[in-house]
Amino acid sequence: MATCSTKSFIQRLPCNSTTTTTSFLTNNIYKSSYVCPLRPLRSTNRVVVEAQSRPTWLPGLDPPPYLDGSLPGDFGFDPLGLGEDPESLKWYVQAELVHARFAMAGIAGILFTDLLRTTGISKLPVWYEAGATKFDFASTKTLLVVQLLLMGFVETKRYMDFVNPGSQAESPFFGIEASFQGLEPGYPGGPVLNPLGLAKDIKNAHHWKLKEIKNGRLAMVAMLGIFVQASVTHASPIENLVQHLSDPWHNTIIQILSGSSS
């Protein structure tokens, strides 16, 4: 929050004066001088405003002391006080990072497959019915078991690296243990998980971290919007966009909400 301080200045005016007096008895001339005391002739107020050094999610709001701005994307938002415990704060940072990455991958997958479906390039199911699709190469139970095993392995490795950073690259694992050596918890490295070699100096990669978490938060909000949109319109995002562009003045959210309520 901006702070103000006020300073007052008193102007000193020179008041040296010399007077001449004459004695009528002796005809001698006497000179006397005096300096007037200080007096406040004019008072000037100067206001010094110190601008806030870091942005917050609500301008003018003081962030909690445990959110000091050192974390990427820290704008002091924690209305429930979930990050007061330092250990819990570390875990919440990792949880947000993982959810952000899943949201970005989900948004990209939904839009890409929906674009292929609406343009007729591929006969893919709409995204909210894709889970019920039957495949010839494997049953639904088989796919579920395989997914649980793969995701369980990845999440276990991630948790172990969070508890003991760098430990996943120490024990042998089919000769590819170097691929699991993270730059720091939550930021995997190696030729498999960081093929482009971005942010190799992870300690000075605050700019990359900030970009990732901002895009991830935007993707999470977009994912929530797609959920609500599918529930209300029973259509995909691309279909809703095409419908709106075909008649922008009559196919809007106002008509959709009024039609669903009637």
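A salt bridge is a side-chain nitrogen of Lys or Arg within 4 Å of a carboxyl oxygen of Asp or Glu. The exercises below apply to a predicted model.

**Exercise 1. Decide which residue forms a salt bridge with Glu87, and where the pair lies.**

Solution. The partner is Lys90, with 3.9 Å from N to O. That distance falls within the 4 Å limit. Glu87 and Lys90 both belong to helix 1 and are three residues apart, about one turn of the helix. An α-helix has 3.6 residues a turn, so residues three or four places apart point the same way. Glu87 is exposed at 52% relative accessible area, and Lys90 is partly exposed at 47%. By the rule used here, the count of salt bridges comes to seven.

**Exercise 2. Describe helix 1 by its span, its buried residues and its packing partners.**

Solution. Helix 1 has 33 residues and reaches 48 Å from its first C-alpha to its last, close to the 48 Å expected at 1.5 Å a residue. Its buried residues include Leu97, Val98, Ala103, Ile107 and Ile110, and also Asp114 and Arg117. The buried residues of helix 1 pack against helix 2 (140-163), helix 4 and helix 5. Just after helix 1, Gly120 takes a positive phi of about 80°.

**Exercise 3. Work out how the buried residues of helix 5 are arranged around its axis.**

Solution. Helix 5 covers residues 237-246, and its buried residues are Pro237, Ile238 and Asn240. They lie on the same side of helix 5, because they cover an arc of only 160° around the axis. The face turned away from that buried side carries the exposed residues Val242 and Ser246. The buried residues of helix 5 pack against helix 1 (86-118) and helix 4.

In the loop between helix 4 and helix 5 is His234. Its phi is near 55°, a positive value in a residue other than glycine. His234 is exposed, with a relative accessible area of 61%.

**Exercise 4. Identify the residues and helices that make the nonpolar surface patch of about 740 Å².**

Solution. The patch is made by Leu224, Phe227, Val228, Val232, Ile253, Ile254, Ile256 and Leu257. Helix 4 (206-233) and helix 6 (253-261) each supply at least two of the patch residues.

A residue needs over 30% relative accessible area to be counted in a patch. Val232, found in helix 4, is partly exposed at 32%. Ile253, in helix 6, is exposed at 59%. Although Val232 and Ile256 are 24 residues apart along the chain, their C-alpha atoms are separated by 8.0 Å.

Technical notes. Residues numbered from 1 in each chain as written. Predicted model: local features only at pLDDT ≥ 70, side-chain atom pairs only at ≥ 80, totals over all residues. Heavy atoms only, no water. Patch = residues over 30% accessible without salt bridge, like charges linked within 9 Å, V, L, I, M, F, W, Y side chains within 5 Å. Areas by Shrake-Rupley, 256 points an atom, 1.4 Å probe, with all protein chains shown as cover. Helix = DSSP H or I, 4+ residues; strand = E, 2+ residues; numbered from the N terminus. Buried < 20%, exposed > 50% of the residue type's maximum accessible area, 1.4 Å probe, protein only. Arc of directions from axis to C-beta. Contact = heavy atoms within 4.5 Å. Expected span 1.5 Å × (residues − 1).
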